[in-house]
Amino acid sequence: MGETHFSPEEIEERKKAIFDAMGKRGQKQIMKTGYDIWDPFQEPKDPIDIRKDKTKRTSQELIREFLTAIDADEYSNSYAQGALEMCLGIINDEEKIKGMFDFAQWYTQLLKKEGHDSL
């Protein structure tokens, strides 16, 4: 099947129909940015959920794998929230999380070197 092509008049007619069907609040937002530049036919942007890390996993996949590897009785909601925050920070390449990650690795090595168990 080929792509359907519309004349500029048909596109404008469809655009006006979409605008007229919107609520007043939506129309106001469009008028604020400019009706002429508004394109109701553009492809939606990729949601943040499909961002992936170096292992090609999404944040949902990573956190699910991590939490299922741990006994559910062994962690609290606060623990899971911390893990999720770390996961999202890694995927979003946040400096704060990089510092936390690097410190955790360094501290793990220090404990091991001095003969202590991990946390």
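Which residues is leucine 67 in contact with, leaving aside its neighbours within four places in sequence? I looked this up before anything else. The answer is Tyr75 and Ala80. I note that I am working from a predicted model.

**Entry: the core**

I went on to the largest nonpolar core. I found five residues there: Ile63, Leu67, Ala80, Ala83 and Cys87. I then checked which elements supply two or more of them, and these are helix H3 (59-68) and helix H4 (77-91). H4 provides the largest share, with three residues. Leu67 and Ala80 both belong to this core, and I had already noted the contact between the two.

**Entry: serine 59**

Next I turned to serine 59, which lies in helix H3. Is serine 59 buried or exposed? I read a relative accessibility of 10%. The limit for buried is under 20%, so serine 59 counts as buried. I also listed what serine 59 touches, not counting residues up to four places away in sequence. The list is Arg51, Cys87, Leu88 and Ile91.

**Entry: the largest pocket**

The largest holds about 590 Å³ of space. I counted 18 lining residues, and those closest to the pocket centre are Ala83, Met86, Cys87, Ile90 and Phe101. Which elements give two or more residues to the lining of the largest pocket? I noted H3, H4 and helix H5 (95-113). H4 gives the most, with seven residues. By class, I have twelve nonpolar, two polar and four charged residues in this lining.

**Entry: the second largest pocket**

I took the second largest pocket next. About 160 Å³ of space lies in it. I wrote down its lining: Phe103, Ala104, Tyr107, Thr108, Leu111, Ser118 and Leu119. How do these residues divide by class? I get five nonpolar, two polar and no charged.

**Entry: domains**

Last, I checked the domain assignment of the chain. It gives domain 1 (8-37) and domain 2 (60-114). How far apart do the C-alpha centres of the two domains lie? I have 46 Å for domain 1 and domain 2.

How values were computed
Residues numbered from 1 in each chain as written. Predicted model: local features only at pLDDT ≥ 70, side-chain atom pairs only at ≥ 80, totals over all residues. Heavy atoms only, no water. Core = buried A, V, L, I, M, F, W, Y, C linked by side-chain atoms within 4.5 Å. Buried < 20%, exposed > 50% of the residue type's maximum accessible area, 1.4 Å probe, protein only. Helix = DSSP H or I, 4+ residues; strand = E, 2+ residues; numbered from the N terminus. Contact = heavy atoms within 4.5 Å. 1 Å grid on protein atoms, 1.4 Å probe; cavity = no way out; pocket = protein on both sides within 12 Å on 5 of 7 lines; lining within 4 Å. Points joined across faces, edges and corners; volume = space filled by probe spheres on them. Nonpolar A, V, L, I, M, F, W, Y, C, P; charged D, E, K, R; others polar. Domains from an automatic or database assignment.
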